[in-house]
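Please examine the sequence and the structure displayed below before reading this report. It is written for a reader who is new to the description of protein models.

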Amino acid sequence: MKKNILLLVLFIAGITFAQNRSDGPVTTTLPSSLGETFRFDSGLVTQLDAGSGFGFTSDRWFSLGRLFTGSQNVYGLRFQLPNKALTLGYQDINDLNPRLQWIGSGSSSATDFEFRVANSFTSTSSTLVATMTNDGKTFFGPQSTTTNTRVGVDYSNLPSGRTGVTAQNSTSTSSYSTVTGFKSINNVFCQIKNGVRVESDGGAFGNTGVSVSLLDGRYNSGVSAFARSEASGGSSYGVSGSIGGPSGVTPTGFGAGIYGSSAASTNRYAGYFNGNVFVTGTFTVSDKKLKDNIKIEENILDKLTQLDAVSYTFKPNDQLNLPSELQHGFLAQNLEEVFPELVTTITKPILGENNKELGMYEYKAVNYVGMISILTSSLQELQEEVKTLKNQIEAMNVQAASDKEEAQLNTQDEVGNVEFSMEQNKPNPFTNQTVINYTLPSNTKATISVVDLSGKFIKDYNISNEKGQLTINSSEIGKGIFVYALISDNEVIITRKMIIR
């Protein structure tokens, strides 16, 4: 009987205790016998930890379920501290997407949301791995506690085979849309700011600072950079690349500050620059081992006479960044008629809002580097023509002097003073063979000797007939200007010049 009475008392006390905890106003002072005080309502469980009620400015409490904030119902979990709170759930019953949200007002506003990792269940110490700020920025990695430094992404100790940041969009859509994999904005004035910084020290192999892979699509940009400089005398770089080595070390391997590659197909370029390009080094490929079908340029002068060298200024153009200064060059259409291989037709997209292609813009470009060899060949041809003209003039002078000397000799022959004669070789100049007519006194032996202009002996031809011809082949002499002399009894009787091409 006593046992039943005891059970009944405990049952009544339990009901009374539960009712005190489940409904009604929450007491300011937490009963020491209970340790915690909860309030239960339809769809809501709350706990008051400190304060006089479930307010937002001075109380400390949490809630789970449907909470009425005074203006709307929110659904989820809420941790409330004075003037700041963390919520997880739906802001409204009609919301499609849940949210994780931190709220702050007044002097104790929460400005950052931190992601931390700890290795102890009993200690509050932890390591900061990421931070979100209340102005929409996200920083990864621990931040400096001694300087005002924040790193957008810091993967100093990234394990092997891991990717620091992956931006992927696999959505298939027929409409045009702009997708930015990674965007860094800093509108605060400072001396140095890095949108993305990737460092790799030590003997690493196959490292890639930023790797971007894009497949298909109407208008894709692996990396899109825009730099605006408003400061007087300031310098800005859309893309800045450099290659070097540690101080005192000369790298021996291949390196490139910026490397671009494209298949050698129509309208594909390893680099396309819409504006002036300045290069301090070389950028042409001219190794003989890379070339085939090599032919010497010939008859270039005739082709060059068909080109019109012009001066001009560019028209205003909303598709190309063209200089406004006076230019010198050729017209692509004119050059294409003579050297079509030096003219390329380029087609670039016309972009509208959200990079939507509105059409294509076509224009012709000239390979001015290819013109260098053509102009060089024309100079060589011109030099050969000048040399030929000089030789012809020299030959004409020699012929005139010879004719004058021969006239004098013939006059002497008429009065009987001289009986030797040697005519000018014909033809002169010549390429393969020439003939020299001569006359000797009876019973006289003589030679016709050939020397070059420096006086070096070339060849002797013995003659004995009173009247005869001497045939000279160029293969016996060579090419150039030579002097030939009729010599008898070690005395030079007559000298003349001949030209061999």
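The report begins with the chain as a whole and then turns to a sheet, to aromatic rings and to a single valine.

## The chain as a whole

The structure is a predicted model. Its chain has 501 residues, and buried residues make up 19% of them. The secondary structure consists of 5 helices and 20 strands.

The accessible surface of the chain is about 37500 Å², and carbon and sulfur atoms account for 51% of that area. Contacts can also be described by separation along the sequence. Of the contacts between residues at least 6 apart in sequence, 36% join residues at least 24 apart.

An open sheet is formed by 3 strands in the order 14-15-18, with antiparallel pairing. Strand 14 and strand 18 are at the edges and have a single partner strand each, so one side of each lacks a neighbour in the sheet.

Strand 14 comprises residues 421–422 and is joined to strand 15 by 2 bridges. Here Met422 stands opposite Tyr438 of strand 15. Between strand 15 and strand 18 (residues 467–473) there are 7 bridges, and these two strands also run antiparallel. Ile436 has Leu470 in strand 18 as its bridge partner.

In a regular strand, side chains alternate between the two faces of the sheet. Strand 15, which spans residues 433–439, has a covered face made up of Thr434, Ile436 and Tyr438. The uncovered face of strand 15 holds Gln433, Val435, Asn437 and Thr439.

## Aromatic rings

A pair of aromatic rings is described by the distance of the centres and the angle of the planes. The count for this model comes to 8 aromatic pairs. Why is the pair of Trp102 and Phe113 stacked? The ring centres of Trp102 and Phe113 are 5.2 Å apart and the planes meet at 25°, so the pair is stacked, given that planes under 30 degrees apart count as stacked. Trp102 belongs to strand 6 (residues 99–104) and Phe113 to strand 7 (residues 112–117), so the pair ties together parts that are 11 residues apart in sequence. Trp102 is partly exposed, at a relative accessible area of 22%, whereas Phe113 is buried, at 14%.

Tyr269 and Tyr272 form a tilted aromatic pair, with 6.2 Å from centre to centre and 50° between the planes. Tyr269 is partly exposed, with a relative accessible area of 34%, and Tyr272 is partly exposed as well, with 35%.

Trp102 and Phe113 also belong to one aromatic cluster together with Phe115. A charged residue is placed over another ring: Lys459 lies over the face of Tyr461, at 5.5 Å from the ring centre.

## The surroundings of Val483

Val483 is a residue of strand 19, which covers residues 480–488. Which residues does Val483 touch, not counting residues up to four places away in sequence? Val483 touches Ser449, Val450, Val451 and Leu453, and also Thr495, Arg496 and Lys497.

Definitions and conventions. Residues are numbered from 1 along each chain as its sequence is written. This is a predicted model: local features need pLDDT of at least 70, side-chain atom pairs count only at pLDDT 80 or more; totals for chains, interfaces and linings use all residues. Side-chain values use heavy atoms; hydrogens and water are left out. Helices (H or I, at least four residues) and strands (E, at least two) are DSSP runs, numbered from the N terminus. Contact means heavy atoms within 4.5 Å. Rings of Phe, Tyr and Trp (its six-membered ring) pair if their centres lie within 6.5 Å; planes under 30 degrees apart count as stacked, over 60 as edge-to-face and the rest as tilted. Buried means under 20% relative accessible area, exposed over 50%, partly exposed in between (1.4 Å probe, protein chains only). A charge sits over a ring if NZ of Lys or CZ of Arg is within 6 Å of the ring centre and within 35 degrees of the ring normal. Accessible areas come from the Shrake-Rupley method with a 1.4 Å probe; for residues, only the protein chains shown count as cover. Two strands pair if DSSP finds at least two bridges between them.
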